Amino acid sequence: MRAALEEARLALEHEDVPIGCVLVDARGVEIARAHNARERDAEPTAHAEILALRDAAAKTRTWRLDGMTLYVTLEPCAMCAGALVLARVARLVFGAADPKAGAVGSLYNIASDPRLNHRIEVASGVLAGETVSLLKAFFAGKRASAPPL
């Protein structure tokens with residue numbers, strides 16, 4: 001999770017929401033890492049998780065990421081949670097819950113929905129305090145620099 005937090009800080013360089021993730025294989029070897037790049041790339045799907053999944057699939061030459069664990073600083077949204085299920089990721093470890101958009105327990109529970117053909121083992125709250133602090137500082141800075149209405 002510390003590596004995911006390091007990755008999240010890189011998003012600050014291009015004013016993206018600081019969310020980062022790291023994908024490791026069953027042996028614990030890092031396969032991919034990414035951070036949010038929606039602002040940088042002007043791409044609505046450039047979430048950290050999606051970018052890491054794309055990179056891992058390219059490196060492993062398969063869309064099936066069986067046995068892998070994704071560490072991400074914030075609870076995945078519906079798009080990302082769905083992509084994790086479709087990629088057959090085995091385990092998800094995330095930091096802070098996202099009560100406004102989280103789809104792995106907060107608003108929805110896509111990772112363990114029995115109607116889907118794959119379920120993901122989930123651990124939450126890992127280094128959540130550090131993740132929340134990073135996000136709060138980012139959004140406080142955005143509010144402070146926003147022009148008055």
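Which strands does helix H5 lie across, and at about what angle does H5 run to S4? Helix H5 (residues 128-145) lies across S3 and strand S4 (91-96), and H5 runs at about 55° to S4. Helices here are DSSP runs of H or I with at least four residues, strands are runs of E with at least two, and both are numbered from the N terminus. Angles, from 0 to 180 degrees, are taken between N-to-C directions, with axes as lines fitted to C-alpha atoms, for helices over the stretch in contact.

Colleagues, a word on the source. This is a predicted model, in which local features need pLDDT of at least 70 and side-chain atom pairs count only at pLDDT 80 or more, while totals for chains, interfaces and linings use all residues. Residues are numbered from 1 along each chain as its sequence is written, and side-chain values use heavy atoms, with hydrogens and water left out.

I turn to the sheet. Five strands form an open sheet, ordered S2-S1-S3-S4-S5, with mixed pairing; two strands pair if DSSP finds at least two bridges between them. Strand S2 (30-35) and strand S5 (121-124) are at the edges with a single partner strand each, so one side of each has no neighbour in the sheet. On average, neighbouring strands are turned by 15° against each other, direction ignored.

Strand S1 (residues 20-24) runs antiparallel to S2, and five bridges join them. Valine 22 is opposite arginine 33 in S2, and glycine 20 is opposite histidine 35 in S2. S1 and S2 form a hairpin with five residues between them, and glycine 28 in the turn has a positive phi of about 90°.

Next, the packing of the two helices. H1 and H5 pack at an angle of about 5°, their axes being 11 Å apart. H1 is therefore roughly parallel to H5, a term for angles under 35 degrees. In their contact (heavy atoms within 4.5 Å), Arg2, Leu5, Ala8 and Arg9 of H1 meet Glu130, Thr131 and Leu134 of H5. These residues divide into three nonpolar, one polar and three charged. Nonpolar covers Ala, Val, Leu, Ile, Met, Phe, Trp, Tyr, Cys and Pro; charged covers Asp, Glu, Lys and Arg; the others, Gly among them, are polar.

Conventions
Parallel < 35°, antiparallel > 145°, perpendicular 65-115°, else oblique.
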